[in-house]
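Here are my notes on the model you sent.

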Amino acid sequence: MANTPLAAGPSGAKPKPFITPQRAVVYTVLIVCAIFFLFPLYIMVITSLKNIQEIQSGNIFIPTMHPTFDAWEKAWNSACTGLYCEGIKVGFWNSIKITVPSTIVSIIVASLTGYSMANWPFKFSEVFFTILLLSSFIPYVVMIYPLVIITRELGIYSTLPAVVLVHTIFGLPLLTLLFRNYFASLPQELFKAARVDGAGYWQIFFQVFAPMSVPIFTVAVILQVTGIWNDFLFGVIYAGPTNYPMTVQLNNIVNSAQGGKAYNVDMAATILTGLVPLAIYFFSGKYFVRGIAAGAVKG
Amino acid sequence: MNRPNPLFRNLNSKIASLPMMLIVLGVFVGGTVWTVLFSFTNIKILPIFTPKQWIDGFVGFANYKRLFNSDRWMSCPAITKIGQESWQFKCTGAMPNMITYAILAIIISISLGFLLAVMMDQKIRLEGMFRTIYLYPFALSFIVTGHVWAWIMSPEYGLQHAMRELGWTSFSFGWIADRQMVMYAIVIAGIWQGTGFVMALMLAGLRGIDEDIWKAARVDGIPAWRTYIQIVLPMMKPVMVTTFVLVASGAVRIYDLVVALTDGGPGISSDVPSRYIYQNFSANLGQSLSASTVMLVSMAIVLIPWMRMEFGKKSQA
């Protein structure tokens with residue numbers, strides 16, 4: 001076996017060979033899998049930098065010698081969705097308009113409910129908890145009809161408020177559980193001490209709990225923003241054509257074959273759509289993992 | 001002095017929880033009950049719940065009969081080979097497609113996720129980098145995942161074209177255009193998106209195992225791989241159940257990925273229940289509602305292991 005000795009200084013107990021057969025296997029598996037996971041990202045990026053002749057004549061694996069951002073520019077500004085040719089930027093702004101209010105409203109409602117359930121239990125709050133838990137598993141598609149009826153009766157079907165309302169509603173069960181579990185895990189002495197000092201419901205929430213809960217609020221924001229940004233179904237049903245979010249616009253751009261398929265533009269639009277959640281993922285690091293893990297395990 | 005009315009105890013708490021209570025009861029409970037109830041009627045346009053509409057339109061299980069007789073939902077002709085006693089079923093349709101996807105996604109993403117987690121647990125270098133690479137697809141929308149993989153797997157320009165151009169002329173990879181194979185193409189994309197998350201769950205589970213277990217196993221001279229399989233794996237049962245439920249529930253509701261990757265095609269050979277429900281919205285409401293109910297039942301079945309675990313915990317305490 002080609003064992004290279006450890007080059008570093010003589011710290012530690014027992015000199016160990018740098019590469020053992022086991023470690024070689026471990027790293028091989030890890031690297032092969034890493035290539036599989038990175039491969040589509042690589043393809044997306046190099047395709048978006050090619051021009052259309054290179055795509056038709058060239059090889060999907062081989063990057064272009066003359067990278068150009070033309071496809072990105074076209075995807076953002078002038079790609080056709082079937083209805084009009086204003087690019088995916090329309091979808092981007094729509095997604096912002098949908099994501100921001102739904103995230104804020106759902107987090108306010110969920111944090112208050114979670115706080116009530118954890119610290120001010122009332123009759124049936126345990127039953128309520130179970131219903132919440134089960135609700136977060138109900139497939140969205142099953143709820144389409146009831147929500148069409150509700151939004152239609154409210155007179156907002158196929159508008160921006162409708163899609164915001166639906167996203168808010170569907171974010172609530174999971175978020176409430178998240179907040180409830182977090183608040184329940186805080187030391188109860190804090191709560192009791194504040195009570196003894198005469199603080200009431202709102203005071204304890206805003207002056208004692210909220211300042212301690214920055215991590216959980218961060219996790220909730222990440223959970224909601226990525227979830228809502230990535231949604232397709234609710235956008236296509238409730239938003240109405242003028243408010244289609246980015247995912248729906250992307251789908252329309254890719255599926256509209258006006259004047260031949262422009263795969264470089266499609267891939268540029270695809271990257272642009274993935275960019276916001278990816279940026280959140282890369283910059284929030286451990287919070288993202290905690291967010292999806294906590295949310296998923298509890299929900 | 002009057003004793004305070006119990007209704008007004010913790011009044012603020014009740015007021016703050018009120019919107020949520022209304023939403024949960026009105027939308028989640030109400031919506032589910034509405035869907036199930038009206039799946040037994042012949043309604044054509046969306047009604048608001050009135051008992052009279054329900055009684056007038058009641059048709060029993062007629063929608064379900066039509067649903068399971070429709071080839072788009074499920075068709076399982078028995079294939080008999082001439083001269084052979086044995087015969088087999090080859091099921092097609094939305095429901096069998098979903099089950100195929102669910103079984104493969106569960107098996108592959110859980111085994112691959114566990115393998116990766118074990119590898120990551122070997123005190124490796126650059127753990128953070130590997131974790132980031134495995135997990136980033138999970139941040140993406142299924143629509144994004146679907147379109148990327150559709151491009152990669154496109155027989156015209158994708159992998160197949162590239163391999164043939166590089167000299168491997170017999171290479172063939174046209175799964176997304178092949179009725180028999182298209183579901184496996186969707187599984188590949190689903191695995192790519194979801195395995196990193198399974199790995200993260202499993203790794204958290206592995207890290208949660210007491211160091212003393214490892215020490216004891218080492219003292220007893222048990223090799224590491226056997227410790228993983230015979231000691232650690234059984235101890236990770238709660239994590240496994242959670243992972244199973246999450247992957248399986250994701251598979252039951254699969255929709256966006258199929259829409260982006262194949263849009264149910266070729267033909268309707270990769271249709272799934274969610275897409276079926278959505279497509280029958282206007283034309284075939286009764287069937288759509290009964291399909292929704294079937295989906296709810298599937299979801300309940302998937303939740304059984306997890307509910308047993310939760311219930312078991314309570315009865316022990």
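1. In this predicted model, the C-alpha centres of domain 1 and domain 2 of chain A lie 32 Å apart. Domain 1 covers 21-76 and domain 2 covers 89-298; these bounds come from an automatic or database domain assignment. Their contact takes 13 residues from domain 1 of chain A and 11 residues from domain 2 of chain A, two residues being in contact if their C-beta atoms, placed from the backbone, lie within 7 Å.

2. On the domain 1 side of that contact, the elements giving two or more residues are α1 (21-48), α2 (52-57) and α3 (70-77) of chain A. Of these, α3(A) gives the most, with 5 residues. By type, this side of domain 1 of chain A divides into 8 nonpolar, 3 polar and 2 charged residues. Ala, Val, Leu, Ile, Met, Phe, Trp, Tyr, Cys and Pro count as nonpolar, Asp, Glu, Lys and Arg as charged, and the others, Gly among them, as polar.

3. Conventions: residues are numbered from 1 along each chain as its sequence is written, and chains are lettered from A and ligands numbered from 1 in the order in which they are written. Because the model is predicted, local features need pLDDT of at least 70 and side-chain atom pairs count only at pLDDT 80 or more, while totals for chains, interfaces and linings use all residues.

4. Chain A has 14 helices and 0 strands. Helices (H or I, at least four residues) and strands (E, at least two) are DSSP runs, numbered from the N terminus. Among contacts in chain A between residues at least 6 apart in sequence, 74% join residues at least 24 apart.

5. A:Q56 and A:A262 are 206 residues apart in sequence, yet 9.7 Å apart in space, C-alpha to C-alpha. Of the 299 residues of chain A, 45% count as buried.

6. Between the chains, the contact takes 72 residues from chain B and 65 residues from chain A. On the chain B side, helix α1 (residues 11-38) of chain B gives the most, with 18 residues. That side of chain B divides into 50 nonpolar, 18 polar and 4 charged residues.

7. The largest nonpolar core has 156 residues, of which B:I186 and B:L261 touch the most other members. Such a core is a set of buried Ala, Val, Leu, Ile, Met, Phe, Trp, Tyr and Cys residues joined through C-beta atoms within 7 Å. Helix α7 (residues 160-185) of chain A gives the most to this core, with 15 residues. Not counting residues up to four places away in sequence, B:I186 touches B:Y101, B:L257, B:V258, B:L261, B:T262 and B:S270.

8. Confidence is given as pLDDT, the predictor's confidence in each residue, from 0 to 100. The mean for chain A is 84, and 90% of its residues reach 70 or more. Within chain A, confidence is lowest in helix α14 (residues 286-298), at a mean of 61, and highest in helix α4 (residues 89-119), at 92. Over residues 1-8 of chain A the pLDDT is below 50; beyond near neighbours in sequence, this stretch has 11 contacts in the model.

How values were computed
Buried ≥ 20, exposed ≤ 12 C-beta atoms within 10 Å, placed from the backbone.
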